[in-house]
Amino acid sequence: MSDCLFCRIIKREIPASIVYEDDRVLAFNDINPQGPTHVLVVPKRHIATLNEMTADDDQIVGEVIRRAAAIAKERGISAGGFRVVFNTNRDAGQTVFHIHLHLIGGRGLGWPPG
Ligand code: AMP
Ligand code: ZN
């Protein structure tokens, strides 16, 4: 989608600090990090929110989750722990309507979240 921020990052129309890329997935550092590691892992296919997910998206969302775990392992935070989050719509504070998995770690994380 031409007016989607993350589609524009995927197309390299907007710069980002990219940490991983393959044919289907892109991962980049969050511009406003909430921890020592804060990476956004996105499918290259535009899906606005989890509410728009279909069975056709099961594989790509699985890849996004596995990629987040792989990045956590690379960063040395797997054993200590990390959090992954898909914010969805208003009450969760979603601001970019292209699904993205937040990978946050490198510090103790409170629960429940705010
Ligand atoms: P959410 O609130 O779950 O929709 O998360 C959107 C995230 O995108 C926030 O954590 C923002 O800091 C992050 N963000 C917004 N613009 C950019 C950008 N240009 N590059 C990297 N991260 C961004
Ligand atoms: Zn998009």
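Select Cys 7 and His 98 to begin: in this predicted model, both residues are buried. Each of them is a donor to the zinc ion (ligand 2), which is the next item to display.

**The zinc site**

The coordinating atoms are SG of Cys 4, SG of Cys 7, ND1 of His 46 and ND1 of His 98, at distances of 2.0 to 2.3 Å. The angles subtended by these four donor atoms run from 107 to 116°, and the arrangement is therefore tetrahedral. Along the chain, the donors follow the spacing C-x2-C-x38-H-x51-H. Cys 7 belongs to helix H1 (residues 5-10), while His 98 sits in the loop between helix H3 (89-92) and strand S5 (101-105); the pair therefore ties together parts that are 91 residues apart in sequence.

**Ligand 1**

A side-chain N or O atom of Asp 30 is 2.5 Å from an oxygen atom of ligand 1. For Ile 31, select the backbone instead: one of its N or O atoms lies 3.2 Å from a nitrogen atom of the ligand. Then select the side chain of His 100, where a polar atom lies 2.9 Å from an oxygen atom of ligand 1.

**Salt bridges**

Side chains of opposite charge can pair when their charged atoms come close. The count for this model comes to seven salt bridges.

Select Glu 63 and Arg 24, whose closest N and O atoms are 2.6 Å apart in a salt bridge. Which parts of the chain does this pair tie together? Glu 63 lies in helix H2 and Arg 24 in the loop between strand S1 (18-21) and strand S2 (25-29), so the link joins parts 39 residues apart in sequence. The relative accessibility of Glu 63 is 15%, so this residue counts as buried. Arg 24, at 40%, counts as partly exposed.

Continue to Glu 21 and Arg 12, whose side chains meet in a salt bridge with an N to O distance of 2.6 Å. Glu 21 is partly exposed, with a relative accessibility of 35%. Arg 12 is likewise classed as partly exposed, at 47%.

A relative accessibility of 34% places Ala 69 among the partly exposed residues. Which residues does Ala 69 touch, if those up to four places away in sequence are not counted? The contacts are with Ser 78 and Phe 82. To relate Ala 69 to another part of the chain, draw a distance to Val 25: the two C-alpha atoms are separated by 13 Å, and the residues are 44 apart along the chain.

Conventions:
Residues are numbered from 1 along each chain as its sequence is written. Chains are lettered from A and ligands numbered from 1 in the order in which they are written. This is a predicted model: local features need pLDDT of at least 70, side-chain atom pairs count only at pLDDT 80 or more; totals for chains, interfaces and linings use all residues. Side-chain values use heavy atoms; hydrogens and water are left out. Buried means under 20% relative accessible area, exposed over 50%, partly exposed in between (1.4 Å probe, protein chains only). Contact means heavy atoms within 4.5 Å. Donors are N, O and S atoms within 2.8 Å of the metal (3.2 Å for Na, K and Ca); water is not among the atoms, so sites may look incomplete. Four donors count as tetrahedral if all angles lie between 85 and 135 degrees; four count as square planar and six as octahedral if opposite donors are over 155 degrees apart and all others between 65 and 115; anything else is irregular. Helices (H or I, at least four residues) and strands (E, at least two) are DSSP runs, numbered from the N terminus. A salt bridge is a side-chain nitrogen of Lys or Arg within 4 Å of a carboxyl oxygen of Asp or Glu. A polar contact is a pair of N or O atoms within 3.5 Å; within protein, one must be able to donate a hydrogen and the other to accept it, and residues adjacent in sequence count only if both atoms are side-chain atoms.
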